[in-house]
Amino acid sequence: MSDQRYAIIGAGPSGLAAARALQKAGVAFDGYEASQGVGGLWDIDNPRSTMYESAHLISSRTTTEFTEFPMRTAADYPSHRELIRYFREYADRFGLTERFRFGAKVTAVERADDGGWMLRAEVAPEVPASADPEDVAAAAGARSITRRYDGVILANGTLAEPNVPAFRGEFAGELLHTSAYKSATQLTGKRVLIIGAGNSGCDIAVDAVHHAASVDMSVRRGYYFVPRYLFGRPSDTLNQGRPLPARIKQFVDSRVLRAFTGDPVRFGFPRPDYRIYESHPIVNTLILNHLGQGDLRIVPDVDRFEGRTVRFRDGSSGEYDMVLLATGYKLDYPFVDRAELAWTGMAPRLYLNVFPPTFNGLYVMGMIEASGIGWQGRYEQ
């Protein structure tokens, strides 16, 4: 057992992976989680969660699960409800739950005089469930704690802080980022414009066609669309365990997709100006079905807002009640000085996407994306 002690910030998949790895290595650690339980963004009740009711995995179960703890479900693409249950069972199975302090929001991570790190957190009071209501009321309100650690692992997630671009003009209707979308009932009877066509945007578009008065999707770039099943199997399992060289996989898969899904350009999408897998593909071909049925349409990039009118760059326009920004997320580690992470532009500059170049005792988890990497890949990271 090491005599050093580390802190882990976040109890989502990456935080649990880090906790399990440290546990197996005999390294002492304390976990901090602002929400009331494990699961991170997969916990729809977590105030910072960006989950929505219809959300499912976009990678298949066997390519995503922790190897030592297979999921107890027959679903190839489990829902967020099954996944939060999986994370809770995983944490309980390996004794990780009790290693985290919940209701603990980290507010600062700063260098200590001795070369370690001082972590400060606002923590909710711990009140027994059997306490009298008056005692609970008296204990209400967060208090600050400070602890020293030899190192700190940042695992607070990469998909929680909305990226909200600036637009010319003002929209007089309802303007939301998809992080605030929870249920399709929010769209009932509304003329909806979705800006962006990532996986969340396409999922929401498929939800919207059943509830909204109309659905348009504004895009400025092309995408590759991957069906969830090919030849009767989850598409990401076809060469599982036998990875092909990147160029060969791109050559083969792009031709397979063309055969199965056709050319998305015929539905109104721009042609991609990059090879498949150089950006995350859309694992949703239902949207192509709905485009083919006329349930929604593709419109150009937005030029400006004028009240409830949205004007597009090709000179066309549309009237909308709601604009949903499917514009992604940005990395956010607000409790630590950006200089400590060698921040450059939109992201930290990290060796192997984990270590600041000074190897200063800070570590970032989860800043990796690759086909089939799943949570096991984050554990190995």
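This note sets out numbered points on aromatic contacts, a pocket, strand pairing and backbone angles in a predicted model.

1. Aromatic pairs. The search of the whole structure returns 27 aromatic pairs. A pair of aromatic rings is described by the distance of the centres and the angle of the planes. For Y52 and Y181, the ring centres are 5.8 Å apart and the planes stand at 55°, so this pair is classed as tilted.

2. The Y90 and F94 pair. Here the ring centres are 5.2 Å apart and the planes make an angle of 70°, so the geometry is edge-to-face. Y90 has a relative accessible area of 0% and is therefore buried. F94 has a relative accessibility of 12% and also counts as buried, because the limit for that class is under 20%.

3. Aromatic cluster. Y90 and F94 also belong to one aromatic cluster, whose other members are W42, F66, F69, Y86, F87 and W375.

4. Charges over rings. Two arginine side chains may be examined alongside the aromatic pairs. The charged end of R228 sits over the ring of Y77, at 5.0 Å from the ring centre. The charged end of R338 is placed over the ring of W343, and the distance to that ring centre is 4.0 Å.

5. Second largest pocket. Rolling a probe the size of a water molecule over the atoms shows where empty space is left. The second largest pocket holds about 400 Å³ of space. Its lining comprises 20 residues, and those nearest the centre of the pocket are Y224, S254, R258, R271 and P272. Divided by class, the lining of this pocket contains 10 nonpolar, four polar and six charged residues.

6. Strand pairing around β16. Strand β16 (residues 302-307) pairs with two strands that are described here. With β9 (residues 168-171), β16 runs parallel, and four bridges join the two. Within this pairing, F171 has G307 of β16 as its bridge partner. With β17 (residues 309-312), β16 pairs in the antiparallel sense, again over four bridges. F305 has V310 of β17 as its bridge partner. One residue lies between β16 and β17, and the two strands form a hairpin.

7. Positive phi at F231. Most residues other than glycine have a negative phi, and most peptide bonds are trans. F231 has a positive phi, near 55°, although the residue is not glycine. F231 is located in the loop between β13 (229-230) and β14 (233-234). With a relative accessibility of 62%, F231 counts as exposed, because exposed residues are those over 50%.

8. Positive phi at N353. N353 is another residue other than glycine with a positive phi, in this case near 60°. N353 lies in the loop between β22 (347-348) and β23 (362-364). Its relative accessibility is 31%, so N353 counts as partly exposed.

Methods: Residues numbered from 1 in each chain as written. Predicted model: local features only at pLDDT ≥ 70, side-chain atom pairs only at ≥ 80, totals over all residues. Heavy atoms only, no water. Phe/Tyr/Trp six-rings, centres within 6.5 Å; stacked < 30°, edge-to-face > 60°. Buried < 20%, exposed > 50% of the residue type's maximum accessible area, 1.4 Å probe, protein only. Lys NZ or Arg CZ within 6 Å of the ring centre and 35° of its normal. 1 Å grid on protein atoms, 1.4 Å probe; cavity = no way out; pocket = protein on both sides within 12 Å on 5 of 7 lines; lining within 4 Å. Points joined across faces, edges and corners; volume = space filled by probe spheres on them. Nonpolar A, V, L, I, M, F, W, Y, C, P; charged D, E, K, R; others polar. Pairing = 2+ DSSP bridges.
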